[in-house]
Amino acid sequence: MSDDHVYMTLAEGHEDDTRWAYGTGFEDPLHGVDTTVPEGIDAGELAALCVALADDALVSAQRLAEWITRAPELEEEVALANIGLDLLGQARLLYSRAGQVDGTGRDEDAYAYVRDAGDFHNVRLAELPNGDFAFAIVRLLVLSSWRLAHFEQLASHPDPVLAAIATKGVKELAYHRQYAAEWAVRLGDGTQESHRRMRRAQEQVAPYLGELFTACDVRDEVVTVLRQVTEAAGLPMPVYRPLPGSGRDGEHTEHLAPLLAELQGVARAHPEATW
Amino acid sequence: MVTTLLDARRARHVAEGVPDPELPMLTLADLGVLRGVELTEDGTVVARLTPTYSGCPAMAEMRADVAARLREAGYARVEIRTVLDPPWTSDWITPAGRRKLAEHGIAPPGPAPRGGPVPLVLSPTRHAVTCPRCGSADTEETSRFAATSCKALWRCRTCREPFEYVKEI
């Protein structure tokens with residue numbers, strides 16, 4: 001490898017594939033994994049499930065990354081970035097699985113970089129703008145508790161690849177939920193101002209709770225966790241005030257399109273670029 | 001046949017010696033991410049790697065490093081396969097790996113949590129982590145997330161030094 005300058009090594013030949021996720025020249029994150037879909041599984045349903053879970057993760061990762069240089073302390077910035085990175089990794093694995101299963105052979109980049117907002121199936125809670133740190137914590141607590149409970153179920157999914165991705169994800173999500181829960185207690189049981197901000201964040205999150213439970217039944221598990229945290233934090237349980245529509249059906253707030261414009265801009269402007 | 005067996009063993013030895021890109025004091029074998037090296041009938045070396053964390057950006061680097069080392073060692077055909085199941089846990093770090101981490105000022109992980117539903121614990125039940133520099137057990141966590149996915153930041157109250165700690169997962 002020539003290493004006169006870092007950009008020179010980036011410009012070296014990358015065989016035949018071009019990829020954007022971590023720069024070009026990398027292999028599929030599922031490279032070499034047995035990709036057979038077991039009999040009796042509806043490939044369309046499996047692919048749709050993988051895409052929805054990947055979209056939740058990709059959009060959340062993008063919002064978490066926006067905290068970099070803006071978090072209250074360096075440690076929190078590092079934490080939010082690490083959580084985003086775990087989710088980005090989960091998204092890559094899930095998109096790759098979806099492309100193998102749905103018959104299109106699309107790779108992770110095709111899902112992440114060339115779909116429009118209406119083709120994304122993430123829950124709307126993931127795409128809402130960052131707001132203050134209290135909102136980030138309440139959202140992360142809800143999304144990580146939901147995703148952890150869902151992944152615990154998916155660990156015994158009949159598709160071995162999805163089951164393996166979920167089993168791995170459970171361990172990561174346990175750290176995310178722990179982080180969010182500890183901050184929720186610290187802020188809810190902190191000063192008058194931090195308590196007020198947490199209450200406000202709960203109000204903002206409430207309308208978006210319903211669509212989490214349309215496709216999977218983990219409501220009891222999530223409610224148990226939220227009750228445990230809100231009790232320790234001296235906060236009320238959030239109340240459902242469901243909004244019509246669902247991000248799962250491609251119906252989004254006005255905030256998703258600008259997020260995607262930033263996420264996809266370079267890849268769309270230079271689709272054949274290698275670096 | 002004997003040559004093939006020796007060759008397979010040599011290929012395994014080469015792959016096992018590749019250093020981790022983020023924790024270069026460890027080999028991939030020490031870290032427990034190398035799940036096997038085989039020589040197929042047509043002479044292809046197949047090395048199987050498992051990621052530590054789903055989003056670990058070092059995974060692509062590891063794949064490239066193992067392939068490059070094997071090619072340098074004279075194996076023309078190399079294939080690197082990803083293995084997801086069973087998932088990597090910090091229990092896969094070998095005793096030699098743990099010793100090397102401690103020697104380099106990084107506290108090795110304790111036993112990984114058991115499988116099954118993960119309980120949320122809000123009461124302070126933090127286990128003691130020993131300072132890798134002075135051996136004191138009077139330490140505290142400063143941040144559960146650090147420069148790489150697999151590490152946390154801790155501080156020793158006795159020698160006052162900060163140190164990294166490989167998390168249980």
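Residues are numbered from 1 along each chain as its sequence is written, while chains are lettered from A and ligands numbered from 1 in the order in which they are written. Because the model is predicted, local features need pLDDT of at least 70 and side-chain atom pairs count only at pLDDT 80 or more, whereas totals for chains, interfaces and linings use all residues.

Two residues are in contact if their C-beta atoms, placed from the backbone, lie within 7 Å. Where pLDDT is low, the predicted coordinates should not be read in detail.

Chain A contains 10 helices and zero strands. Helices (H or I, at least four residues) and strands (E, at least two) are DSSP runs, numbered from the N terminus. Of the 275 residues of chain A, 46% count as buried. A residue is buried if 20 or more other C-beta atoms lie within 10 Å of its own, exposed if 12 or fewer, and partly exposed in between, with C-beta atoms placed from the backbone. Among contacts in chain A between residues at least 6 apart in sequence, 76% join residues at least 24 apart.

One helix pair in chain A can be followed in detail. Helices α7(A) and α8(A), the latter covering residues 192-205, pack at an angle of about 125°, and their axes are 7 Å apart. This angle makes α7(A) oblique to α8(A). Axes are lines fitted to C-alpha atoms, for helices over the stretch in contact, and angles run from 0 to 180 degrees between N-to-C directions. Angles under 35 degrees count as roughly parallel, over 145 as roughly antiparallel, 65 to 115 as roughly perpendicular and the rest as oblique. On the α7(A) side, A184(A), L187(A) and G188(A) meet S194(A), H195(A), R197(A) and M198(A) of α8(A). By class, this contact has three nonpolar, three polar and one charged residues. Here Ala, Val, Leu, Ile, Met, Phe, Trp, Tyr, Cys and Pro count as nonpolar, Asp, Glu, Lys and Arg as charged, and the others, Gly among them, as polar.

Chain A also has a backbone detail to look for. T69(A) has a positive phi of about 75° although it is not a glycine. T69(A) is found in the loop between α2 (43-65) and α3, and is exposed, with 7 other C-beta atoms within 10 Å.

Chain B has four helices and seven strands, which follow the pattern α-α-β-β-α-β-α-β-β-β-β along the sequence. The C-alpha trace of chain B spans about 55 × 35 × 25 Å along its principal axes, and 36% of its 169 residues count as buried. The domain assignment, whose bounds come from an automatic or database source, gives domain 1 (2-82) and domain 2 (93-166). The centres of these domains, taken over C-alpha atoms, are separated by 28 Å, and 10 residues of domain 1 are in contact with 10 residues of domain 2. The domain 1 side has five nonpolar, three polar and two charged residues.

The peptide bond from D85(B) to P86(B) is cis, with omega near -5°, and P86(B) has its place in the loop between β3 (78-82) and α4 (95-103). R160(B), in the loop between β6 (151-156) and β7 (162-166), has a positive phi near 70° and is exposed, with 10 other C-beta atoms within 10 Å.

Finally, the two chains meet through 39 residues from chain A and 24 residues from chain B. On the chain A side, α3 (74-101), α6 (133-154), α7 (160-188) and α9 (219-233) each supply at least two residues. The largest share, 16 residues, comes from α7(A). The chain A side divides into 22 nonpolar, nine polar and eight charged residues.
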